[in-house]
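Reader: I am new to this structure. Can you show me how to read a helix and its surroundings?

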Amino acid sequence: DFDLAGFAVGIVGQKKIINGSNVRSGDSVIGLLSSGLHSNGFSLARKVFSQKELRGQWGKKMLVPTKLYVKPILKLTRADLVKAIAHITGGGFYDNIPRALPKNKNVIITKGSWPIPSIFKEIQRRGNIDEKEMFRTFNMGIGMTLIVAKKNERKALTTLSHLGFPARAIGTVIPGQGKVKLI
């Protein structure tokens, strides 16, 4: 058994920093579809499957390589389309998206606006896990979120599609207190 972790550090010019400060009510939240669990929730996921299942179909689904979003994000940021970015890792939707928001904005995420992969549904069913906890622990099929101006939503989605990164419009920015609500 082993665990492998890593990180990267980079630099960016002051004027190119994406910190969410220009996020406005009415902006769109775009979700880039994940390739599976990515790197979060494995301890919980391993508890709900037998060793035999982990060596079979469910284990294969858990080990699908993490999708990397560098190239499409660079393309969108160079086109000045992105106002905020949140990688959906540990903490899921509820802890990661607020980090990209100004304190006076909320995000409404529309459940059902993207397909939730079967691995998440099976983990939830077998573990009898509350839906809110699923969206806090796992990416639920969305590996990265972007906030873009509503007028740029179609262009961003088309660009992502052409680059081979399926994405969906999954939410909207509204006035609030830096929180995420799923409806």
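This is a predicted model: local features need pLDDT of at least 70, side-chain atom pairs count only at pLDDT 80 or more; totals for chains, interfaces and linings use all residues.

Reader: Which residues of helix α8 are buried?

Author: Helix α8 spans residues 153-162, and its buried residues are E153, A156, L157, T159 and L160. They share one side of α8, because they cover an arc of only 160° around the axis.

Reader: Which residues are exposed on the other side of α8?

Author: There you find R154 and H162.

Reader: What covers the buried residues of α8?

Author: The cover includes β1 (28-33), α4 (70-78), β4 (142-148) and β5 (167-175).

Reader: How do I read the packing of two helices?

Author: Two packed helices are described by the angle between their axes and the distance between the axes. For α4 and α8, the angle is about 145° and the axes are 10 Å apart. Their crossing is right-handed.

Reader: Which residues of α4 and α8 meet?

Author: From α4 come P72, K75 and L76; from α8 come A156, T159 and L160. Of the residues in this contact, four are nonpolar, one is polar and one is charged.

Reader: What follows α8?

Author: G164 does, and its phi is positive, near 85°.

Reader: How many bridges join β1 to β5?

Author: Five, and the two strands run antiparallel. I30 has A169 in β5 as its bridge partner. Strand β3 (residues 105-109) is also joined to β5 by five bridges, again antiparallel. There, N106 has I174 in β5 as its bridge partner.

Technical notes: Residues are numbered from 1 along each chain as its sequence is written. Side-chain values use heavy atoms; hydrogens and water are left out. Buried means under 20% relative accessible area, exposed over 50%, partly exposed in between (1.4 Å probe, protein chains only). Helices (H or I, at least four residues) and strands (E, at least two) are DSSP runs, numbered from the N terminus. The arc is that of the directions from the helix axis to the C-beta atoms. Contact means heavy atoms within 4.5 Å. Two strands pair if DSSP finds at least two bridges between them. Axes are lines fitted to C-alpha atoms, for helices over the stretch in contact, and angles run from 0 to 180 degrees between N-to-C directions. A crossing is left-handed if the near helix is turned anticlockwise from the far one by less than a right angle, and right-handed if clockwise. Ala, Val, Leu, Ile, Met, Phe, Trp, Tyr, Cys and Pro count as nonpolar, Asp, Glu, Lys and Arg as charged, and the others, Gly among them, as polar.
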